[in-house]
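This report goes through the sheets, the helices, the ligand site and a few single residues of one protein model. The sequence and structure come first, and the description follows.

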Amino acid sequence: MNILTIKDLTVKHRDSTILDQVNLTVQEGEWLALVGESGSGKSVMASAIGGLLPSELMVLSGKIFLDDQEITRFSEKEFQKIRGKEIAYIFQDYQGAFTPFMTIGKQFDEMLKTHTGMSKNERKEFALLSLKNVHLSEERVYKSYPFQLSGGQLQRAAIAMATILKPKLLIADEPTTALDSLTAAKVLELIAELTKQTKSAVLFITHDLRHVRKYASNLAIILRGEIVEFGDKKTIIKQPQHLYTKQLFSAVPKLRETPVRLLPNTVKQEATY
Ligand SMILES: Nc1ncnc2c1ncn2[C@@H]1O[C@H](COP(=O)(O)OP(=O)(O)O)[C@@H](O)[C@H]1O
Ligand SMILES: [Mg+2]
């Protein structure tokens, strides 16, 4: 079943087209990797889905569905009801997931208060369990302010918060870009473990092709706001159709020497695995 369906979505900034008739779907339990160079429109797409587009960007046409519910032109109030509950985000900036001067526990509590009918005790128990689930010392983290935690602990807490309500769709926008490769691997394992439990569909925005190979089931390649390739990951890697995708995934040395604007290092590293 499709959890996310995007149909012919066009987003503009004044006269320039940021997303050009985008079509894609993400199914229950599936990881769709959205891959494209910096500035290609990945984050704009992520924002459009959850109603987070800045006011200067406009949805010109197209539709976004969550399950079979059209959410394209939801009001902010309607989006607030589903954001955090049905659509959750994990960003590169983990600090940004939390308000600085409120304990982590209080922030979990506020969220559970907004989206569930749980009692005070139930909310606390549920938050502690969720922090424990991401391998944190739950009592201490619950009582802490964000600045009292390390970056790694904050990341885990942010992942716990994003998945606590079993969102239908989890949007992870370059969740590991700022991390060293060992931490990145651990964070992705954790997200994989949790989304397996919650059966969430995952829109996984990344430019790390190793992570694409490991976690994605489907793949969408975006180039200057256009989806140039979309479908089963293995098929695309085996038989890329678009020149850009060929350059990204090709193991042919000649092509690797061709300038590729998306992280040339990533392409070079490809030979090592
Ligand atoms: N608030 C904004 N106002 C104007 N242009 C924007 C805004 N946000 C993003 N853009 C433009 O949209 C394009 C896509 O940006 P973005 O989705 O952030 O790229 P990325 O694929 O790196 O996430 C870029 O050309 C960017 O300059
Ligand atoms: Mg981005």
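Two strands count as paired if DSSP finds at least two bridges between them. In this predicted model, one such pair is strand S1 (residues 2-13) and strand S2 (residues 16-27), which run antiparallel and are joined by eight bridges. Within this pairing, His-13 has Ser-16 of S2 as its bridge partner, and Lys-12 stands opposite Thr-17 in S2. Two residues separate S1 from S2 in a hairpin. Arg-14, in the turn, has a positive phi of about 50°.

Strands of a sheet pair through backbone hydrogen bonds, either parallel or antiparallel.

## Six-stranded sheet

A further open sheet has six strands in the order S6-S7-S8-S3-S9-S10, and its pairing is mixed. Strand S6 (87-91) and strand S10 (226-232) each have a single partner strand, so one side of each has no neighbour in the sheet. Neighbouring strands of this sheet are turned by 15° against each other on average, direction ignored.

Inside the sheet, strand S3 (residues 31-35) and strand S8 (residues 201-205) run parallel and are joined by four bridges. Leu-32 has Leu-203 in S8 as its bridge partner. In a regular strand the side chains alternate between the two faces of the sheet.

Which strands does helix H6 touch? Helix H6 (residues 151-163) packs on the sheet and touches S6 and strand S7 (169-173). The direction of H6 makes about 165° with that of S6. Helix H7 (residues 181-198) lies across S3, S6, S7 and S8, and runs at about 140° to S3.

The loop between S7 and H7 contains Thr-176. Thr-176 counts as buried because its relative accessibility is 7%, and the cut-off is under 20%. Leaving out residues up to four places away in sequence, Thr-176 touches Ala-184, Val-187, Leu-188 and His-211.

- A backbone N or O atom of Gly-41 is 3.0 Å from an oxygen atom of ligand 1.
- A side-chain N or O atom of Lys-42 is 2.8 Å from an oxygen atom of ligand 1.
- A side-chain N or O atom of Glu-56 is 2.8 Å from a nitrogen atom of ligand 1.

On its own, ligand 1 has 560 Å² of accessible area, and the protein covers 65% of it.

H1 is mostly covered, with seven of its eight residues buried. The buried residues of H1 are Lys-42, Val-44, Met-45, Ala-46, Ser-47, Ala-48 and Ile-49. After H1 comes Gly-51, which has a positive phi near 70°. An α-helix has 3.6 residues a turn, so residues three or four places apart point the same way.

## Two further buried residues

Is His-115 buried or exposed? His-115 is buried, with a relative accessible area of 15%. The residue lies in helix H3 (residues 104-115). A polar atom of the His-115 side chain lies 3.2 Å from the backbone oxygen of Arg-83. Apart from neighbours within four places in sequence, the contacts of His-115 are Gln-80, Lys-81, Arg-83, Gly-84, Lys-85 and Leu-165.

Phe-74 is placed in the loop between strand S5 (69-70) and helix H2 (76-82). Its relative accessibility is 17%, so Phe-74 counts as buried. Setting aside neighbours within four places in sequence, Phe-74 is in contact with Gln-69, Phe-79 and Ile-82. Phe-74 and Gly-50 are 24 residues apart in sequence, and their C-alpha atoms are 9.4 Å apart in space.

Notes
Residues are numbered from 1 along each chain as its sequence is written. Chains are lettered from A and ligands numbered from 1 in the order in which they are written. This is a predicted model: local features need pLDDT of at least 70, side-chain atom pairs count only at pLDDT 80 or more; totals for chains, interfaces and linings use all residues. Side-chain values use heavy atoms; hydrogens and water are left out. Axes are lines fitted to C-alpha atoms, for helices over the stretch in contact, and angles run from 0 to 180 degrees between N-to-C directions. Contact means heavy atoms within 4.5 Å. Buried means under 20% relative accessible area, exposed over 50%, partly exposed in between (1.4 Å probe, protein chains only). A polar contact is a pair of N or O atoms within 3.5 Å; within protein, one must be able to donate a hydrogen and the other to accept it, and residues adjacent in sequence count only if both atoms are side-chain atoms. Accessible areas come from the Shrake-Rupley method with a 1.4 Å probe; for residues, only the protein chains shown count as cover.
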